[in-house]
Structures are given as C-alpha cells and as structure tokens.
Amino acid sequence: MEEITYEEIEKEIEDLYKKIEYLYGKANTKSKQRRLFSTICALDKICSEDCLDLNIVSSHLIKKLYMESKFFDYYDDVNYNLEILKELSLVVINTFKDINYPFYKNYKSRDYVPDSDKNNLIYTYFNSFNDQIIDKFIKKAGDNYYLEFSSDLAFEGALYNLPIFKKYIIHLNTANDQNLFYVISAIHEMGHAYEKEIFYGNGEVNLLDMYKETFFYEVSSSFFEYTFINFLNENNYYPKEIKYEYNLFYLELLKNAFKTYSICLNGIDEVNNSYYIKLDNKDKMEEVEKLKEALNYYEKLPNYNDKLSILDSVIYFVGGLLAINLYNKYKDNPKEFMKKFRTFLVNYPRSGVFDSLEVVGITKEELLSSKVLKKELNKFINSSYIKR
Ligand SMILES: [Zn+2]
C-alpha cells in the first residue's frame, strides 16, 4: 500500500470541512444544521489532539457557531443552583468523614485483562440491560467498539459523535489497556453515546447542544460506569481489582466534591465568564483547609490560589454522586428504572435543575440526607468484597 503523508490527510480533512460548511449553508432545517455542526465539532476535537500531530486550522463555521452558542448559559445554571451545590458537596465531604473512610488502605492489586475479555465484558454487561437502545447501538458497533490512537492522552477517554456518518468514535488512553480501568473508560464513553442515541431516537437532536449546558452532563456516563463496577463485583469478575476500582470511583467523587465546594464558596464572577475560577479568597479557603484536616486527607484536593475548571468540577461531582444514587434505584427494579431513566435523559436539558430527578424517584432531600452514599460507602468498607 502506498504511504499516505500528513499533508495529504490534512488536505482531505480541510476539504471535508469545506464540504460540511457548504452543506450547512444549504441545510434548510435546524436539525440538519445541528447534525452537521456536531460532526464538524467532533472532527475539530479529533484534529486538535496533540498525538495526531495534524496542523489544521479550525473551521470558520466552528468559530462562528461557538461565538453564537449559548454555552455560557451553563454558568447561569450553576449560579442559579449555587446554594444546593454547596450544600450537597459539603454533605458528601462530611459523609466521608462520618464513616471514617479508610483513605490509606492499599488497594493496589491490579488484574491483567486480555483483549478477548474486554469486548466480552462489554457485551455481557450491556446485554444484561435488555434495553432496546443498547441493543441498537451494540448492533451498530459490531466488533469495532473503539479506536485507539495514542498512549499519551491527558484524559482517559472521549466520545466523538459523527452523526452525518452515523458513527461514534470512542478514543481511549492506551496507557491503561492492560487493565480493567480501560474497559471501565469504554463503558463510561458508551454511557455518553446512550444518551445521544436517546436524543436521536426521540427526534430531539436539538437537545444535543443544550444538554452540554447543564451540570448533568456526566450523569449517564457515570451511571453506566458505576453500575458496571457493581456488575463485575456481583458476577465475581476480576475480584482482585474490584476494590481498587470502587476506591478510585469514591475518591474521584470526594475530590470533585471538594472542588465544587471551593468553587461555590469563592463564588462565580458573573461578569468575567470563563472556563476557570481562581480560588483566591483566603478566608474561604481556610474553611476548605479545615475540612481537609478533619479528614486527614489531602491528595489532589484544591488549594488556595489554584485555578479550577468550573465545568469539569461540577459535572463530575454531580455525575458521581447521582451515579451512586441512580444505581440504587436501578438495582431495585432494573426494567422499570431504565424506562424512567430514559424519560429523565430526555427532560433534564430543558430544566437544568435537580427537580428533574423526580421522575427517577430521587429528591433533593434524599440527596442531602446522604442516606444512599453512606450505605454504599459503609458496604464498601465493611465487606470483604469478593462477593457481597
Ligand atoms: Zn464523561
């Protein structure tokens, strides 16, 4: 086969950009425009990956639409919900303290996961849902669940949605490809794809852009991720590693609770809309220091003068906390739950408040009581975790 040069790839992609821009100009419906826009956004993200080493100038269309987009509504949403986010994140921090979470226990043991097992686990897990949307995208995916590009990603995985090609690309960090975390990351990204399939299935393509502006962005992905860890545990897959994965999930939740709490304490400057916030309120950060001391835990927690991403901190905090609560509802009645969960996924982008969880039977009061989180953490600490 003839060698393809980078210049040729760049030229191909630039032509594709031009074609999509042309089609966008001609598209006569909003939903056609949105499919084209989502595709060009995904291409743009792929091209900007460092590991690909492509030198492509971002499309004019993307720049223009980003400027016009309502992305910054997200900050209004967070500001509107600032009090409840502050309360919830503090409750989560205090729950770890109240139950004496064993921060310094060593869960290092990792299992080796052969390639054949990876796809198998994914199939077995998703088939256990008996869910028509999952069946649909499993069929679509065939054997090609994911593409791997590189081992030097700054993140664990990403999902690229290319609606005009009817394709999702899941991009995973191959630094983890020998162990279970790799499969967990694939499941997480498929959780994002599940949500997108629902929007398409309901003809709600316009929600695709809107849902990015709410802090429920990581809910579907985190739900499938946490439920998968429980699925492994219940079926005794990779028992050596399971405690490690639970611990990782819980520590992520705690870390993001600390970040969210610090953001809420410092307050979001409405004038200076930006992705980041600087934790430069010394008095408020004193309060955060006291919480760390009470836990006697400091790893990867926010410090005075740190710069935090408002978007990431809040979406991963809400995602992790809700995943644990949603899993508990799911486990009681999987089939009933999935129906309600789909309704939630279609509805929440319109409201962007915690009330939209009522359809899955979760109330703000219940979240603030921390009942479910406490139960799950206690189960984790007290069980020998081969089976529970
Ligand atoms: Zn995600």
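Okay, so let's start with contacts, meaning two residues whose C-beta atoms, placed from the backbone, lie within 7 Å. Of the contacts in this chain with a separation of 6 or more, 76% are between residues 24 or more positions apart.

Quick housekeeping. This is a predicted model, where local features need pLDDT of at least 70, side-chain atom pairs count only at pLDDT 80 or more, and totals for chains, interfaces and linings use all residues. Residues are numbered from 1 along each chain as its sequence is written.

Now, the helices. The chain has 16 helices and four strands; those are DSSP runs numbered from the N terminus, helices being H or I with at least four residues and strands E with at least two.

Look at H1 (residues 6-26) and H2 (residues 30-47). Their axes come within 10 Å and cross at roughly 160 degrees; axes here are lines fitted to C-alpha atoms, over the stretch in contact for helices, with angles from 0 to 180 degrees between N-to-C directions. So H1 is roughly antiparallel to H2, a label for angles over 145 degrees. Who meets whom? On the H1 side, residues including Ile-13, Leu-16 and Tyr-17 meet a group in H2 that includes Leu-36, Phe-37 and Ile-40.

Last stop, H5, residues 82-98. At 1.5 Å a residue, its 17 residues should span 24 Å, and its end C-alpha atoms are 24 Å apart, so that agrees; the expected span is 1.5 Å times one less than the number of residues. And just after H5, Asn-100 takes a positive phi of about 55 degrees.

Definitions and conventions:
Parallel < 35°, antiparallel > 145°, perpendicular 65-115°, else oblique.
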